[in-house]
Amino acid sequence: MKLFDVAGHGRRFSILAVFNEEDSCQVIQKMRRVRIEHQELAQQMGALIFEEVPDKGPPPDPWRFSELYQGLIYEFKAAERVAQRKTLWFRIACFFDGASTIVCTNAFYKTGATPPDQVTLAIRERERYFRDKRLNNLDLADGILRGK
């Protein structure tokens, strides 16, 4: 599995994003689109995953980070009011590998309940990550990430 180092090396928390089986990083692609479509969401999420979390860890604020599925999948959150009674949420699903590595699997917009296919995708990518880790097959851009 190919991984992208979101936050850079040498920080307290590592944040990685998976490349899917088509060899593209859906999280980074979605962040680029959000930056064009909803700048406020992009700024909130960018500050969270590029600046705050790598140095301090996930925030204890459930409006910005919370469990998504049974202690396995979590989500980073950003929100923007788009109409008087409508809020658009931007989410990045993720999971932990140990105490200081966070692996982002997919990103999506949300206006109501979390789309079940997004949870299913996050679970599937988590399983693929740990399978490939057992097989010593995690590729971090310029080399192989050996099991931590």
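User: Where is Cys 94 found?

Analyst: Cys 94 is found in strand β5, which covers residues 86-96; helices (H or I, at least four residues) and strands (E, at least two) are DSSP runs, numbered from the N terminus. Please keep in mind that this is a predicted model, in which local features need pLDDT of at least 70 and side-chain atom pairs count only at pLDDT 80 or more, while totals for chains, interfaces and linings use all residues. Residues are numbered from 1 along each chain as its sequence is written, and side-chain values use heavy atoms, with hydrogens and water left out.

User: Is Cys 94 buried or exposed?

Analyst: Cys 94 counts as buried because its relative accessibility is 0%, where buried means under 20% relative accessible area, exposed over 50% and partly exposed in between, with a 1.4 Å probe and protein chains only.

User: And which residues does Cys 94 touch?

Analyst: Leaving aside residues up to four places away in sequence, Cys 94 touches Phe 65, Leu 72, Ile 73, Tyr 74, Glu 75, Phe 76, Ile 102, Val 103, Cys 104 and Thr 105, a contact being heavy atoms within 4.5 Å.

User: Switching to α2, what is its reach from first C-alpha to last?

Analyst: Helix α2 (residues 39-56) has 18 residues and reaches 24 Å, close to the 26 Å expected at 1.5 Å a residue; that expected span is 1.5 Å times one less than the number of residues.

User: Where is the kink in α2 centred?

Analyst: The kink, of about 35°, is centred on Leu 48, the bend at a residue being the angle between axes fitted to the seven residues ending there and the seven starting there. Leu 48 is also one of the buried residues of α2, which include Leu 41, Ala 42 and Met 45 as well.

User: What do the buried residues of α2 pack against?

Analyst: They pack against β2 (14-18), α1 (26-37), β4 (73-83), β5 and β6 (101-110), and just after the helix Gly 57 takes a positive phi of about 90°.

User: Now the whole chain: how many helices and strands does it have?

Analyst: The chain has three helices and eight strands. Its radius of gyration is 15 Å, close to the 15 Å that the globule rule gives for 148 residues, so the chain is as compact as a globular protein of that length; the radius is taken over C-alpha atoms, and the rule is 2.2 Å times the number of residues to the power 0.38.

User: What share of the chain counts as buried?

Analyst: Of its 148 residues, 46% count as buried.
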